[in-house]
Amino acid sequence: MTDLSPERVVVQRGLWFDEFELGVRYLHRPGRTITEADNVLFTTLTMNTQALHLDAAFAETQPPYNRRLVNSMFTLSALAGLSVAQLTQGTLVGNLGLSDIAFPHPLFHGDTLYAETVVTDKRLSRSRPGEGIVTFAHTGRNQHGDLVATATRKALMRQEPAR
């Protein structure tokens, strides 16, 4: 029997630069349920005094959601963080940049964030032997399948050491 699916799905941890394949969709599981404590702690740690994150009474008066929103920077951090165990644990040299960040729908307390990543580009580093640059397209959805965040991340990754 021939598999006719349009894409491969890979579930594993810490890939070396050479193991990344363009167009592969990596599903990061489990998801992460976001709590009120997560949101308030992150918001206060980062000095973000936005009342939509901290003041329930105020947020209840603010359409269209009429409730507190999860800090979008927390959403972005969790989105990237959910990919670490599968893609970059122990093989990342460092993040080089984030771009094309969007938050089409907010997360709320009690929502669960599910993340997936597609590798859209990779090339060997011209200045750092044994390392390469990988471009990740991260996508986050809530438990209802609503798109809540997207981001492109470039990372410097190690090649597998010679044995």
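Modeller: A residue is called buried when its relative accessible area is under 20%, exposed when the area is over 50%, and partly exposed in between. The model shown is predicted.

Biologist: Why is Arg68 called buried?

Modeller: Arg68 has a relative accessible area of 15%. The limit for a buried residue is under 20%, so Arg68 is buried.

Biologist: How many salt bridges does the rule give?

Modeller: The count comes to 5. One of them joins Glu7 and Arg25 at 3.0 Å, N to O. Glu7 lies in the segment before strand S1 (9-10) and Arg25 in strand S2 (residues 25-33), so this pair ties together parts 18 residues apart in sequence. A network of salt bridges links Glu7, Arg25 and Glu116.

Biologist: Are Glu7 and Arg25 buried, exposed or partly exposed?

Modeller: Glu7 has a relative accessible area of 30%, and Arg25 has one of 23%.

Biologist: What makes Arg128 and Glu131 a salt bridge, and which accessibility classes do Arg128 and Glu131 have?

Modeller: The closest N and O atoms of Arg128 and Glu131 are 2.5 Å apart, and the rule asks for a separation within 4 Å, so the pair is a salt bridge. Arg128, with a relative accessible area of 40%, is partly exposed. Glu131, at 12%, counts as buried.

Biologist: Why does Leu156 count as buried, and which residues does Leu156 contact?

Modeller: The relative accessibility of Leu156 is 8%, and buried means under 20%, so Leu156 counts as buried. Leu156 is found in strand S6 (residues 147-158). Leaving aside neighbours within four places in sequence, its contacts include Leu92, Val93, Gly94, Leu96, Arg128 and Glu131. The C-alpha atoms of Leu156 and Thr91, 65 residues apart in sequence, are 9.0 Å apart in space.

Biologist: How do you know that Val118 is buried, and what does Val118 touch?

Modeller: Val118 has a relative accessible area of 16%; the limit is under 20%, so Val118 is buried. Val118 lies in strand S4 (residues 112-124). Not counting residues up to four places away in sequence, Val118 touches Gly23, Val24, Arg25, Thr135, Phe136 and Ala137.

Biologist: What makes Leu98 a member of a nonpolar surface patch?

Modeller: A patch residue must have over 30% relative accessible area and no salt bridge, and nonpolar side chains are joined within 5 Å. Leu98, in strand S3 (residues 92-102), has a relative accessible area of 45%, so Leu98 passes the accessibility limit. The patch, of about 330 Å², is made by Met73, Leu98, Ile101 and Phe103.

Biologist: Why is Asp100 called exposed, and what is the value of its phi angle?

Modeller: Asp100 has a relative accessible area of 58%, and exposed means over 50%, so Asp100 is exposed. Asp100 is found in strand S3 and has a positive phi of about 50° although it is not a glycine.

Biologist: Where does Asn66 lie, and which accessibility class does Asn66 have?

Modeller: Asn66 is in the loop between H3 and H4. At 35% relative accessibility, Asn66 counts as partly exposed. Its phi is near 55°, a positive value in a residue other than glycine. Pro64 is placed in the loop between H3 and H4, and the peptide bond from Pro63 to Pro64 is cis, with omega near 10°.

Conventions
Residues are numbered from 1 along each chain as its sequence is written. This is a predicted model: local features need pLDDT of at least 70, side-chain atom pairs count only at pLDDT 80 or more; totals for chains, interfaces and linings use all residues. Side-chain values use heavy atoms; hydrogens and water are left out. Patches are made of residues with over 30% relative accessible area and no salt bridge: like charges are joined within 9 Å, nonpolar side chains (Val, Leu, Ile, Met, Phe, Trp, Tyr) within 5 Å. Accessible areas come from the Shrake-Rupley method with a 1.4 Å probe; for residues, only the protein chains shown count as cover. A salt bridge is a side-chain nitrogen of Lys or Arg within 4 Å of a carboxyl oxygen of Asp or Glu. Helices (H or I, at least four residues) and strands (E, at least two) are DSSP runs, numbered from the N terminus. Buried means under 20% relative accessible area, exposed over 50%, partly exposed in between (1.4 Å probe, protein chains only). Contact means heavy atoms within 4.5 Å.
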